[in-house]
Amino acid sequence: MSGVAEPVRKIAILGGGPGGLYAAALLKRLDPHREITVWERNAPDDTFGFGVVLSDETLGGIESADPVVHRALQAELVRWDDIDIVHRGRTLTSGGHAFAALGRRRLLELLHERCRALGVRLIFRTAAPPAAELAADHDLVIAADGVHSTTRTAHAEVFHPRLTTHRCRYIWLSADFAFGAFRFETAETGHGIVQLHGYPYARPAHGPGASTVIVEMREEVWRRAGLDRLDERASARWCAELFAPTLRGHPLRSNRSAWTAFRTVVNEHWSHGRIVLLGDAAHTAHFSIGSGTKLAVEDALALAACLTEHPAPPDALAAYEVERRPVVASLQRAARASLTWFEDLAVYAGQPPRQFAFNLLTRSRRVTHDNLRLRDAGFVASVAEEAGVPAGTPPMFTPFRLGGLTLRNRVVVSPMDMYSAVDGDGTPGDFHLVHLGARALGGAGLVMTEMVCVSPRGRITPGCTGLYTPGHEHAWRRVTDFVHTDAPGAAIGVQLGHSGRKGSTRLMWDGIDQPLPAGNWPVVAPSALPYRSGVNQVPHALSGPELTVIREQFVRSAESAARAGFDLLELHCAHGYLLSGFLSPLTNHRTDAYGGGLAARLRYPLEVFDAVRARWPAGRPMTVRISATDWAEGGTSAEDAVAIAAAFAAHGADAIDVSTGQVVADEHPETGRSYQTPFADRIRNTLGVPVIAVGAISSWDDVNSLVLAGRADLCALARPHLYDPHWTLHAAAEQGYTGPGAPWPLPYRAGSRRPPAGRTDAPKPRLTLR
């Protein structure tokens, strides 16, 4: 705590939008003695945009905090359940989504009334004094001054804002009638795809009703259409003509509407002394997933609660940020996935109609296959039927063919380094037999080894396995024989790689990427660049003859893998290991034929791939794992990743295993659930090549969602299989599936039902007080 707490009595709020007004009302209601002033530079009836969408969660918070405001809102809200998706002349409807909206102007009127009734001072048509000036004689200054926050700009050295401008232009308009549902519609023009987002916000009982209409398109489409040269009125007319059938001939109304590009706002800190950011000043989330008003109102609720629970303002502001930051970060991740989906909409335009609709609905990863099935089982069933999924079969348990290999389901046990080779000589032992055998028995369609190294100096650590001696081959044969004999139907694949500059390090639990305390071996790389300067070795830059030697090591290991009985071979070209080091401009500074532009950087990995493919049995598939981004400025771009995948596919890769990062030590990954899957999605739907998606895929629901939406063909899971070797069989049991995609081994069949647990139906309380 911060010592004796001074009460927060005098509060200044910059910005009279819903977030600022609601914060004022809550704080005044909680302590009527507070002196609260709201500054708004516009007139009371000025507003941007038209309709505001509020979730049931947000409304529930409002009801608990201020029943007066909640009752006023309830009288105004328009509610509906359906989403209509209109694409290439077909309308598909999904129900059960529970939306509520009202006009932004009416929302402001209600909040003005509430603030005045409580005694909040509202100052309109007046620019607020600077936040720093107000902080001199106020206990708290709330900067709710929007996406263009002058407060955030004035104190950028403290808040450390990051603003990202995205690739679409949009305009906010209104139609004088009420849509019957949330509507997403595409129009394929000679300039490119244009999309409409529409929803009702006023009931017909109050007149003809009204709907928000947002028209959005890629920047280049917007320019080709000449919209950069049209004024507000002409832009509204152009949009109304394009979507005339949908608008039933109604014009589109504007309100200081302008074409703009969405900006994601992230701040490293949300408070500075007595100043705190709220709503769009602190963060933004794309309109395609949720309302900025929703976030701002929830911020106000949290800030008011924290100021009540923590008497000392510094503690309260810290608690507010701790509470809200993870919630906002989660929503921003989902919003980023959603806006990226719309930016790349043209990639999905050719999908079958129902898959396109399902893909759109699940684009943010917040709505999933199972969640959508609970909302509208008939819709999900129709998507599955169109995709050829048998009735009663979860999408994850449909077979998939790679080359001459048919996998019984879409689950892959991802390669995971185990650092457990026998006596440090690269030989897999009993641990590997049990580890891989258990996961094959656990129902996965494909079980992958860890990265198996092609030479002693190609190992990451002394505990890494290899395939460069007859003993290694014999030991691996023991593992593949067990899988084929005792887990029939499961396939086992080997991942071949060379550590490059990331070699000669300790076992992960002894210090990941740290050099060995003794016994280090020399490391090699495309260029003499250490992984961590001053920590890891400076690698030897490989010469032409040395590259030939390593290429032949890959070939010999591949031949050994074939004799050892592996069903599939994956070439490891990711995570900063040797072949990955050639692909990234951050790690390849060569000036010979193997460095420079992307085509040159691809040359050596393709030479290795071709040499291995020539000696790997023709009927057995071969895949390639790539890092689709380095998560670092100047590294591999999304466009580069597509080009890399296209090159390997053209050379005969049966699938691309799409991972990210671990190429340079100073990376800044954007992590979160399924965070790497958009990269696989882009490659699959741009090139039409099969992909394996990886990266924090943690549930069977995620796998079903990705497969049915057409974002991935196979899903590789690592940590879930460490937690539960029988993850796939348990996923089948939890979904009530007993078909051929997940057969229980005969000795385990008695355990195919979840064991009964202790009683959980304790008597409910007889009385609940609110």
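**A pocket, a histidine and a helix**

Reader: What volume does the second largest pocket have?
Author: In this predicted model, the second largest pocket has a volume of about 1,600 Å³. A pocket here is an open set of points on a 1 Å grid over the protein atoms alone, with protein on both sides within 12 Å along at least five of seven lines, and lining residues have an atom within 4 Å of a point. The volume is the space filled by probe spheres set on the points, which are joined across faces, edges and corners.

Reader: Which lining residues are closest to its centre?
Author: Of the 47 residues that line the second largest pocket, those are His166, Arg336, Thr340, Trp631 and Glu670.

Reader: And which helix gives the most to that lining?
Author: That is H12, with 11 residues, where helices are DSSP runs (H or I, at least four residues) numbered from the N terminus.

Reader: New topic: is His435 buried or exposed?
Author: His435, which is found in helix H17 (residues 430-441), counts as buried because its relative accessibility is 8%, and buried means under 20% relative accessible area, exposed over 50% (1.4 Å probe, protein chains only).

Reader: What is His435 in contact with?
Author: Leaving aside neighbours within four places in sequence, His435 is in contact (heavy atoms within 4.5 Å) with Met416, Met418 and Leu722.

Reader: Which residues of H2 are buried?
Author: In helix H2 (residues 56-65), the buried ones are Thr58, Leu59 and Ile62. Seen down the axis of H2, they fall within an arc of 95° (taken from the directions from the helix axis to the C-beta atoms), so they line one face of the helix.

Reader: Which residues are exposed on the other side?
Author: On the other side of H2, Glu57 and Ser64 are exposed.

Reader: How were residues and atoms counted?
Author: Local features need pLDDT of at least 70 and side-chain atom pairs count only at pLDDT 80 or more, while totals for chains, interfaces and linings use all residues. Residues are numbered from 1 along each chain as its sequence is written, and side-chain values use heavy atoms, with hydrogens and water left out.

How values were computed. Helix = DSSP H or I, 4+ residues; strand = E, 2+ residues; numbered from the N terminus. 1 Å grid on protein atoms, 1.4 Å probe; cavity = no way out; pocket = protein on both sides within 12 Å on 5 of 7 lines; lining within 4 Å.
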